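Work through the following exercises with the sequence and the model side by side.

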Amino acid sequence: MPALSRRQALTTAAALATAAAGVAATPATAATASGHHDPHSPAPFDEVYRGRRIQGRPSTGGHAHHGTGYTVLVDGVELHLMRNADGTWISVVSHYDPVATPRAAARAAVDELQGAALLPFPAN
């Protein structure tokens, strides 16, 4: 049996976390998609954190199909974000450190990037 690469392990972990988040967030996503305001949706933000522009807002495009219904950008590049079943948030950059809000996930990603550019996450 071939050894599992780090990339394959992270991809599998991301898929499992995304599936769990999608199941937990389905009712909220349905309300948002129907045009109703979701009272549990995090507030939008737009700030400069450690010299990087981070933005977050409710969305229907991008990776919203994963059940988050929320888009986060770091310097204009989408940060792939996932919501855990317990309501915490993780990103592909800071995957092993769940945080309470998308803003905290964006800040954690900036900290982890240490000045490196965020590369777009492939859709497939």
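## Salt bridges

The structure holds 5 salt bridges, a salt bridge being a side-chain nitrogen of Lys or Arg within 4 Å of a carboxyl oxygen of Asp or Glu. This is a predicted model, in which local features need pLDDT of at least 70 and side-chain atom pairs count only at pLDDT 80 or more, while totals for chains, interfaces and linings use all residues. Residues are numbered from 1 along each chain as its sequence is written, and side-chain values use heavy atoms, with hydrogens and water left out.

**Exercise 1.** Find the residue that forms a salt bridge with Arg 50, and explain which parts of the chain the pair ties together.

*Solution.* Begin with the general idea: side chains of opposite charge can pair when their charged atoms come close. The partner of Arg 50 is Asp 111, and the closest N and O atoms of the two are 3.3 Å apart. Arg 50 belongs to the loop between β1 and β2 and Asp 111 to helix α2, so the pair ties together parts that lie 61 residues apart in sequence. Here helices (H or I, at least four residues) and strands (E, at least two) are DSSP runs, numbered from the N terminus. As for accessibility, Arg 50 counts as exposed at 63% relative accessibility, whereas Asp 111 is partly exposed with a relative accessible area of 31%.

**Exercise 2.** Describe the salt bridge of Arg 52, and decide whether Arg 52 is buried or exposed.

*Solution.* Arg 52 forms a salt bridge with Asp 75, with 2.5 Å between the closest N and O atoms. This pair links distant parts of the chain, as Arg 52 is in strand β2 and Asp 75 is in the loop between β3 and β4, 23 residues apart. At 10% relative accessibility Arg 52 counts as buried, while Asp 75, with a relative accessible area of 39%, is partly exposed.

## Sheet and helix

**Exercise 3.** Work out the strand order of the open sheet of 4 strands, and say which strands stand at the edges.

*Solution.* The order is β1-β2-β3-β4, and the pairing is antiparallel; two strands pair if DSSP finds at least two bridges between them. β1 (45–49) and β4 (77–79) stand at the edges with a single partner strand each, so one side of each is left without a neighbour in the sheet. Neighbouring strands are turned by 25 degrees against each other on average, direction ignored. Such angles are taken between axes, which are lines fitted to C-alpha atoms (for helices over the stretch in contact), and run from 0 to 180 degrees between N-to-C directions. Helix α2 (residues 102–113) lies across β1, β2, β3 and β4 and runs at about 25 degrees to β1, where contact means heavy atoms within 4.5 Å.

**Exercise 4.** Follow strand β3 through its pairings, and explain how many of its residues are buried.

*Solution.* On one side, β2 and β3 pair in the antiparallel sense over 5 bridges, and Gln 55 has Leu 73 as its bridge partner in β3. β3 (residues 70–74) is also joined to β4 by 3 bridges, again antiparallel, with Val 72 opposite Leu 79 in β4. β3 and β4 form a hairpin with 2 residues between them, and Asp 75 in the turn has a positive phi of about 55 degrees. Of the 5 residues of β3, 5 are buried, so the strand is largely enclosed by the rest of the structure. Both faces are covered, with Tyr 70, Val 72 and Val 74 buried on one side and Thr 71 and Leu 73 buried on the other.

Methods:
Buried means under 20% relative accessible area, exposed over 50%, partly exposed in between (1.4 Å probe, protein chains only).
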